[in-house]
Amino acid sequence: MNPIWVLAKNTLRKSLQARSLFLVLFFALALVFFMIIACKGDESFRQKMVLDAGMTLLKVFGVFLVIFNTLPLFPGERDHHTLHAILSMNVSRSQVVYGLFSGAILALILNFVLMVAIFFLTSAGIGLPLSFSMFRSLVFLFEELCVLTAFSVFFSIGTSFLVALMLCFFILIVGNMTYSLHLIIHETQGVVAKGIAIAYYLLPNFSLFDLKDAAINSQTIPYSYDFAAILYSVSLCVVILCLASWLLERQEIS
Amino acid sequence: MNVIQTNNLGFGYQTNHWFSSKKDHDILKGISLEIKEGEVFVLLGHNGAGKTTLFRVLLNFLPITSGEAFVLGIPVFKPEARANVGYLSEHPIFYPHLDGPSFLELFADLGGITGDVKKGRIATLLEKTGLISHGNKPLTSYSKGMLQRLNLCRCLLANPKVVFLDEPILGLDPLGQQLVREIITEMRSEGKTIFINTHATAFAREIADRIAFIMAGALSGIINRSEVVAVEPPFIALVQGHPQSFSERFSSLIQNMVDENTFSILLPDEKTRNELLVQSVHAEFQVISLTGASDPIERRFNLLAAELDAKEKAQ
């Protein structure tokens, strides 16, 4: 059996044991809470409210799932010395990185699918029609969470849990502000503009994946955008995981 | 064939200081070792001497900073060098979310062992280490000794040609220690190469083909077990009586005359000790005291440590 698959299965099992499904329960409770508020408005308000709240909650809980599932993975392997046991076998360090990442993605898929199912059921319950644009924006959100998972793996290898946590939130916030950075570049000049431009191109562009408003306001977005976004997220994940492998290769496992 | 070979191997931690240049802390200094196939090789050293660091370098957890090292003829930085290696850490390794059999299944999968072979091997090893009855208990409920036994199973799962055992009897009860001795003896008879790190000199004397002493990151000497046992006796008896009442065999073993009728003799092994005790019942002498001489390996180890200490003081 491929070591990456073995490690991925074990990581998924670990995540389930860590009771990550409780987050899905909290998500459902939060969604019900917003539904109760939405019931006070007219039908149009209710539909927009549930859609907006649902998508926002999916993102918030998705981010929590990624961060609290992925960040302890690598330190856990090191602290329990299981990393030593794995690396004392014919398993390369990059296989460990890809294995942990794949396991974290499997756990994310499981939890995300459950949350989406709850969201769709709730939407159907209040008579909200399920649109293709809704489904598309959820796929985009999933891509964003995958990129964040890759960053979490990278940070958890390179730093302590607390620093990795801060870096993840930093990347998430700044990544969602890249559109604003783009605007600032046009309004400034000289060294400042160049510095911001470098940051703009180096930082991940999470605002690319934000199709929530488009889904709520039924805006049309060309399908070529989907292809570009998938290509961008996959490339970003590959680059970050390669960096993570490079980092782990150079690390002393003491 | 040398299963493990190191040539002038060195390792050092690098410390980056904010306001000064880099400083190297050498942990291993010019280690040259040749361990043959089927050999039980024991590395003895005090805390911080570099025993575990040497293991970690050989398993590529830590990078080599000078020299070279090979396991089964393959440079240690290649993952293939560990394809036929088993490793038992001094720390109990476990996943809190697994039970014993699933922990072993995970590592069997990683080692490419599948199907009935996997099931059979796991059952045999759990039986051998007395863990079969603990079946589905979570590993968090295992004691340190039980975890160490489980890790011994993990280490032997893929039937490796080379086994690295880091403090294998640490935290084990006497039965567990006996089990480890038996397993090592069995592995030796199967022709496996075993490299052991330990503080326990008596354990080393009992099982090793060769013993190396490591002091402050450098090898201070390698001795054969037979060499030590033949030269240095394990028992000293204080006897009262006339030396003439002794048989010729025991007369040759007399070491010191305390007074006219009291003398000490060195007894090379347990058999001779027992013979002396049996004779003392019928003959005209009396064994006043009988003590085990201090472990010869320990004495050698202490001597080396004292020499190193004296050298350091002289510098």
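User: How much of chain B counts as buried?
Analyst: Of its 315 residues, 46% count as buried. Bear in mind that this is a predicted model.

User: And how many helices and strands does chain B have?
Analyst: Chain B has 10 helices and 14 strands. Its C-alpha atoms fill a box of roughly 70 × 55 × 40 Å along the principal axes.

User: What share of the chain B contacts is between residues 24 or more positions apart?
Analyst: Counting contacts with a separation of 6 or more, 67% are between residues 24 or more positions apart.

User: Which residues have the most contacts inside the largest nonpolar core?
Analyst: They are Phe107(B), Phe164(B), Leu165(B), Ile184(B) and Phe195(B), in a core of 158 residues. Helix H7 of chain A, residues 132-158, gives the most to this core, with 13 residues.

User: What else is there apart from it?
Analyst: Another core lies apart from it, with 11 residues, among them Phe235(B), Phe250(B), Phe263(B) and Val287(B).

User: Back to Phe195(B). What is it in contact with, leaving aside neighbours within four places in sequence?
Analyst: Its contacts are Ile4(B), Leu33(B), Ile35(B), Phe41(B), Leu43(B), Leu54(B), Phe55(B), Leu58(B), Val163(B), Phe164(B) and Leu165(B).

User: Next, H2 of chain B. Why is it described as largely enclosed by the rest of the structure?
Analyst: Because nine of the 11 residues of H2(B) are buried. Those are Gly100(B), Ser102(B), Phe103(B), Leu104(B), Leu106(B), Phe107(B), Ala108(B), Asp109(B) and Leu110(B).

User: What do they pack against?
Analyst: From chain A, H1 and helix H5 (82-87); from chain B, H3 and helix H4 (144-156). Just after H2(B) comes Gly112(B), with a positive phi of about 80°.

User: Switching to H12 of chain A, how far does it reach?
Analyst: H12(A), residues 224-249, reaches 37 Å from its first C-alpha to its last. That is close to the 38 Å expected for its 26 residues at 1.5 Å a residue.

User: Which of its residues are buried?
Analyst: Asp226(A), Ala229(A), Ser233(A), Leu236(A), Cys237(A), Ile240(A), Leu241(A), Ala244(A), Ser245(A) and Leu248(A). The buried residues of H12(A) pack against helix H4 (73-79), helix H6 (93-125) and H7 of chain A.

User: Now Arg249(B). Where is it?
Analyst: Arg249(B) is in helix H8 of chain B, residues 248-251. It is partly exposed, with a relative accessible area of 42%. Leaving aside neighbours within four places in sequence, Arg249(B) is in contact with Thr272(B) and Glu275(B).

User: And is Lys119(B) buried or exposed?
Analyst: Lys119(B) counts as exposed, at 60% relative accessibility, because the cut-off for exposed is over 50%. Lys119(B) lies in helix H3 of chain B, residues 115-128.

User: How far apart are Lys119(B) and Ser264(B)?
Analyst: They are 58 Å apart in space, C-alpha to C-alpha, and 145 residues apart in sequence.

How values were computed
Residues are numbered from 1 along each chain as its sequence is written. Chains are lettered from A and ligands numbered from 1 in the order in which they are written. This is a predicted model: local features need pLDDT of at least 70, side-chain atom pairs count only at pLDDT 80 or more; totals for chains, interfaces and linings use all residues. Side-chain values use heavy atoms; hydrogens and water are left out. A nonpolar core is a set of buried Ala, Val, Leu, Ile, Met, Phe, Trp, Tyr and Cys residues joined through side-chain atoms within 4.5 Å. Buried means under 20% relative accessible area, exposed over 50%, partly exposed in between (1.4 Å probe, protein chains only). Helices (H or I, at least four residues) and strands (E, at least two) are DSSP runs, numbered from the N terminus. Contact means heavy atoms within 4.5 Å. The expected span of a helix is 1.5 Å times one less than its number of residues.
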